[in-house]
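Trainee: Please take a close look at one part of this model, the aromatic rings and what surrounds them.

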Amino acid sequence: TAQATEPNVSSLKSSDSIDAGQTGYRVAVGPYQGQVPLTDTEAILYYTRFGINKQFDNGATIYEIGEYTKFEDAEALRKSLIEAGVTSAKVVEFTR
């Protein structure tokens, strides 16, 4: 099992850092139909301290990790997740 590595980014609190109407970035992993693979589960649990949102889409589960004002910070987290074996990790944009 790949060991999750610590990204060189700081977690941002959504209520304090991203204002209404402002664009932010998260790292989405999934979608998962049914059981989440063990490697992905371990990484998702490791990164919950960055904040996590669980989304449902047509019976599939998607986890969105972190909230960042800079794309580069979310990209650093995405790369760390990829290194940990979560191949579905991608940066997604959202507007509060």
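**Aromatic pairs and their setting**

Mentor: A search of the whole structure finds four aromatic pairs. Rings of Phe, Tyr and Trp (its six-membered ring) pair if their centres lie within 6.5 Å; planes under 30 degrees apart count as stacked, over 60 as edge-to-face and the rest as tilted. Take Tyr 25 and Phe 71: their ring centres are 5.7 Å apart and their planes stand at 85°, so this pair is edge-to-face. The pair links distant parts of the chain, 46 residues apart. Tyr 25 lies in strand E1 (residues 23-32), and Phe 71 in helix H3 (residues 71-83). Helices (H or I, at least four residues) and strands (E, at least two) are DSSP runs, numbered from the N terminus. Tyr 25 counts as buried at 17% relative accessibility, whereas Phe 71 is partly exposed at 38%. Buried means under 20% relative accessible area, exposed over 50%, partly exposed in between (1.4 Å probe, protein chains only).

The model is predicted: local features need pLDDT of at least 70, side-chain atom pairs count only at pLDDT 80 or more, and totals for chains, interfaces and linings use all residues. Residues are numbered from 1 along each chain as its sequence is written, and side-chain values use heavy atoms, with hydrogens and water left out.

Next, Tyr 47 and Phe 50. Their pair is tilted, with 5.9 Å centre to centre and 40° between the planes. Tyr 47 is buried, at 0% relative accessible area. Phe 50 is buried too, at 6%. Ring pairs join Tyr 46, Tyr 47 and Phe 50 into a cluster.

Charges also sit over rings. The criterion is NZ of Lys or CZ of Arg within 6 Å of the ring centre and within 35 degrees of the ring normal. Arg 49 lies over the face of Tyr 46, 4.6 Å from the ring centre. The charged end of Arg 26 sits over the ring of Phe 94, 3.8 Å from its centre.

Now the sheet. Four strands form an open sheet in the order E2-E3-E1-E4, with antiparallel pairing. Strands pair if DSSP finds at least two bridges between them. Strand E2 (52-57) and strand E4 (90-95) stand at the edges; each has a single partner strand, so one side of each lacks a neighbour in the sheet. E2 and strand E3 (residues 60-68) pair in the antiparallel sense over six bridges. Phe 56 stands opposite Thr 61 in E3.
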